[in-house]
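Colleague: I am new to this structure and would like to know what stands behind the words used for it. Please show it first, and then take my questions in turn.

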Amino acid sequence: MSDAAFLALSPRSGAGLLCRAGDRISKPLERRPCRLSSPQERPTEAARQRGGRPGRPPGDGAASFPPCSLPGCSSAHARHPQPDYISQRPPPAARSGGGAVRAGPGRGRCGGPLAPLRTKRRGEGALPVCLRPSGGAAMAAAAAGGPGPGGGGRRGARAATATNILAQLRHGQLSGRGLTRGAQITEALLKERDKQAKWNGIPLLLQKLYEHSHPNSDFSQCQSILKEISPLLSMEAMAFVTEDRKAAQESTFPNTYTFDLFGGVDLLVEILMRPTLITQKKKQKISDDLIKDCLSILYNTCICTEGVTRRLAERNDFVLFLFTLMTNKKTFLQTATLIEDILGVKKEMIQLDDIPNLASLVSSFDQQQLANFCRILAVTISELDTGSDDKHTLLAKNAQQKKNLGPSRAEINQATLLNIPGFIERLCKLATRKVSETTGTSSFLQELEEWYTWLDNALVLDALMRVANEEAEQSSTESSDESGLANTSTRTQLPQSMKIMHEIMYKLEVLYVLCVLLMGRQRNQVHKMIAEFKLIPGLNNLFDKLIWRKHSASALVLHGHNQNCDCSPDITLKIQFLRLLQSFSDHHENKYLLLNSQELNELSAISHKANIPEVDAVVNTDRSLVCDGKRGLLTRLLQVMKKEPAESSFRFWQARAVESFLRGTTSYADQMFLLKRGLLEHILYCIVDSECKSRDVLQSYFDLLGELMKFNIDAFKRFNKYINTDEKFQVFLNQINSSLVDSNMLVRCITLSLDRFENQSDAKVAEVLSECRLLSYMSQMSMRMSFLFRLINIIHVQTLTQENVSCLNTSLVILMLARRKEKLPFYLRTLQQMEYTEKYPGFILNNFHSLLRFWQQHYLNKDKDSTCLENSSCISFTYWKETVSILLSPDRTSPCAIVSYIDEAYMDIDRDFSEE
């Protein structure tokens with residue numbers, strides 16, 4: 001099988017990359033529902049209120065990493081429960097009669113409007129008709145060696161013999177006794193049964209391969225035998241990846257099944273690892289071509305036969321051995337593809353420290369190999385997906401953290417990578433490399449292998465056919481002499497658009513790895529390194545020409561999709577870029593590297609004009625590391641954000657990236673910098689005038705609006721100027737009230753700001769207080785109580801997640817401000833009255849009591865979370881703790897204790913809410 005043909009089957013195609021890049025990005029964080037799904041796929045409002053608030057941050061509930069951009073996309077690295085390769089059973093469609101062989105759970109294709117194009121493995125591998133028993137009687141007869149129900153006589157005996165061979169092989173592989181591989185069966189018997197059973201000579205070829213691969217052989221005959229086997233398997237693998245996503249049960253692939261059943265997979269593993277098992281001083285040498293053939297056949301079998309990949313993954317010695325094959329450039333791509341596939345199903349994450357000579361291995365990679373290697377690294381540095389939504393509750397996460405006191409393997413692997421000399425620097429160079437700097441003037445055949453690695457199979461065929469046709473047309477006008485032929489390889493090059501797409505694919509992998517490292521335990525170390533290596537200025541220079549480039553009519557997109565499809569490489573790069581900006585800016589002083597020198601000066605001027613001290617981080621920013629050019633990266637982002645179409649999925653991601661710049665301690669200068677660029681008016685236009693329907697985009701806009709307006713009287717004045725009619729204000733309120741899970745951060749911002757403004761004596765503030773509709777609305781006690789009641793009512797301890805815990809913190813903010821004004825008893829008494837009005841006495845207050853008990857367990861052990869709460873509210877964490885303790889006081893005579901307002905008959909505060 002040619003390298004190009006092998007790589008065409010690789011899941012490392014453009015589609016597979018996009019699909020899994022989207023999944024992997026959210027892995028290191030909490031798992032969330034897909035935020036770019038169509039409305040039909042979104043949960044109902046009731047479900048959203050009960051189960052969670054997608055997209056909120058760890059800590060106080062501001063936004064964290066956005067989730068996957070691909071609706072219906074399954075995780076490339078999720079650990080799927082798979083049966084052992086030997087214990088597979090044919091699916092229901094493959095059974096006949098009352099067969100005793102029951103089907104296990106098959107693996108169907110990923111659904112959704114943008115189903116992943118990643119090459120999937122075969123579902124439960126069905127035996128072809130010629131291989132499978134015809135029922136329970138056939139299996140019983142086979143085990144006994146007698147004829148099956150096919151009838152007596154010669155024909156029935158032949159069928160029984162074929163079934164008997166398979167049954168004995170299966171039994172031997174399960175028990176370890178008797179027949180375990182085809183080499184133990186006589187050649188005469190295999191020849192007799194081969195044609196009838198339609199084995200296509202595979203058992204005989206495996207027997208020959210076994211005979212020529214003994215410990216003292218020179219492997220000279222092995223390659224020729226593999227050349228006969230390879231086409232039989234590669235045709236099935238090619239049919240599998242080009243079958244237009246038919247259900248797994250609609251077709252069977254007997255050649256790969258037969259190859260595995262007769263011991264072919266284990267034999268190839270033995271051949272590959274033979275040099276490592278021999279203690280002789282002179283090791284056996286296996287040719288590169290033989291290694292490539294073995295890897296190709298193994299991969300084809302993994303594609304078509306369920307369970308093979310998992311069995312290989314269970315062999316740690318083989319997995320680590322594969323990494324040693326990556327030192328050879330001739331076998332690098334085949335090895336990397338197989339490793340990635342194996343790690344994707346491995347139950348336990350490998351430790352990078354166990355890889356022999358990892359540092360020297362990585363240093364030996366060229367830039368292209370390093371980008372490919374990032375796909376493997378992505379599996380090893382991302383936290384494993386639990387695969388179950390109920391495991392993402394804060395209760396479950398806290399219970400898991402108690403069990404795992406030390407760092408996880410993913411965190412250990414991240415530290416290992418950071419200790420490799422020059423690793424981060426090389427990633428930054430790859431991420432910021434211009435297309436013109438990539439290796440050019442390569443011949444068509446040299447680029448061919450590279451393109452098969454990245455592009456969707458059908459797209460590869462289409463694009464390369466076009467290039468081949470162009471070559472043929474040019475060749476027809478050239479002389480056919482030797483000089484003309486010699487010039488062909490240097491003349492024929494891939495189109496520039498394909499080179500751009502190639503570079504995009506590389507950058508996707510690199511940006512993802514950097515993203516994960518920026519969120520790890522060594523975040524400050526990574527920040528320092530990527531600032532030093534000028535990642536941000538480099539991305540700023542690529543913004544117009546590559547990251548947010550204009551689409552041309554000939555721009556390449558995935559086969560069967562258009563340029564606006566969410567799995568387009570261009571779109572995926574944009575989303576990954578925005579995620580990187582978010583993780584880079586979030587609560588870190590290096591966020592000012594997103595500006596250029598002139599913009600930093602503007603921040604200083606804003607502070608001086610307002611007569612407030614400059615932010616220390618602005619003063620301390622190294623001007624040699626900031627963006628160059630007329631605009632910084634943040635300003636460029638704002639410009640494209642305001643031009644984004646109403647239906648664009650980028651609105652969510654852009655809002656999250658900009659919000660991360662504002663998060664942390666509130667900075668008046670930062671807010672004014674964005675207000676002067678029309679950000680508030682843009683947000684209000686999207687919420688009110690366009691009447692945005694997407695809950696996801698609305699949530700991101702509400703969160704951003706809250707950070708933009710918090711404590712800023714100028715922002716509230718601008719708000720009132722834009723929302724200048726009662727009709728507009730009512731639309732705005734309807735959007736807020738439609739889902740408090742989405743809008744509660746804005747409610748918190750308004751409540752905090754109102755409290756601060758009411759305590760100021762400035763004339764400008766007093767004017768805005770009297771005129772602003774929003775502040776007047778929130779100043780009404782009935783409105784605050786309504787928000788408080790609903791915030792407590794829509795969350796419960798068992799359904800608290802990282803996404804909706806912000807509702808609990810917002811309710812606490814309202815009560816803390818009431819406590820400051822000595823009105824806490826009034827608020828609690830009003831809640832009690834509202835319970836009786838709703839005819840649910842005790843329900844709200846019992847629930848709130850449980851929520852606060854959980855709050856103590858959760859936040860008192862999390863330094864980062866407490867810091868986030870303090871920074872976002874400008875209320876000391878000590879005051880947070882005191883307020884919760886007062887509310888939870890068991891003294892029923894205390895006017896500030898919740899229990900004082902719950903009648904004995906409805907008391908239910910001692911329930912154990914911990915996870916089992």
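Modeller: A crossing is left-handed if the near helix is turned anticlockwise from the far one by less than a right angle, and right-handed if clockwise. H25 passes H26 in a left-handed crossing. This is a predicted model, in which local features need pLDDT of at least 70, side-chain atom pairs count only at pLDDT 80 or more, and totals for chains, interfaces and linings use all residues. Residues are numbered from 1 along each chain as its sequence is written, and side-chain values use heavy atoms, with hydrogens and water left out.

Colleague: What makes H25 roughly antiparallel to H26?

Modeller: The axes of helix H25 (residues 535–547) and H26 cross at roughly 155 degrees and come within 12 Å. H25 therefore counts as roughly antiparallel to H26. Angles under 35 degrees count as roughly parallel, over 145 as roughly antiparallel, 65 to 115 as roughly perpendicular and the rest as oblique. Axes are lines fitted to C-alpha atoms, for helices over the stretch in contact, and angles run from 0 to 180 degrees between N-to-C directions.

Colleague: Which residues of H25 and H26 meet?

Modeller: From H25 they are Leu535, Ile536, Leu539, Phe543, Leu546 and Ile547, and from H26 Leu573, Lys574, Phe577, Leu580, Leu581 and Phe584. Contact means heavy atoms within 4.5 Å.

Colleague: Why is Leu581 called buried?

Modeller: Leu581 has a relative accessible area of 3%, so it is buried. Buried means under 20% relative accessible area, exposed over 50%, partly exposed in between (1.4 Å probe, protein chains only). Leu581 is found in helix H26 (residues 569–585). Not counting residues up to four places away in sequence, Leu581 touches Ile536, Leu594, Leu633, Leu637, Ala657 and Ser660. Leu581 and Ala657 are 76 residues apart in sequence, yet their C-alpha atoms are 5.9 Å apart in space.

Colleague: What makes H14 roughly parallel to H16?

Modeller: Helix H14 (residues 332–343) and helix H16 (residues 367–381) pack at an angle of about 15 degrees, with axes 9 Å apart. H14 is therefore roughly parallel to H16. Their crossing is left-handed.

Colleague: How do you know that Asp670 makes a polar contact with Tyr592?

Modeller: The side chains of Asp670 and Tyr592 make that contact at 2.8 Å. A polar contact is a pair of N or O atoms within 3.5 Å; within protein, one must be able to donate a hydrogen and the other to accept it, and residues adjacent in sequence count only if both atoms are side-chain atoms. Asp670 lies in helix H31 and, with a relative accessible area of 2%, is buried.

Colleague: Why is helix H19 called largely enclosed?

Modeller: In helix H19 (residues 423–432), 8 of the 10 residues are buried, so the rest of the structure largely encloses it. Among the buried ones are Phe423, Leu427 and Cys428.

Colleague: How many helices and strands does the chain have?

Modeller: The chain has 44 helices and 0 strands. Helices (H or I, at least four residues) and strands (E, at least two) are DSSP runs, numbered from the N terminus.

Colleague: Where among the elements is the mean pLDDT lowest, and where highest?

Modeller: Helix H4 (residues 136–144) has the lowest, at 33, and helix H31 (residues 668–675) the highest, at 97. pLDDT is the predictor's confidence in each residue, from 0 to 100. The mean pLDDT of the chain is 75, and 66% of its residues reach 70 or more.
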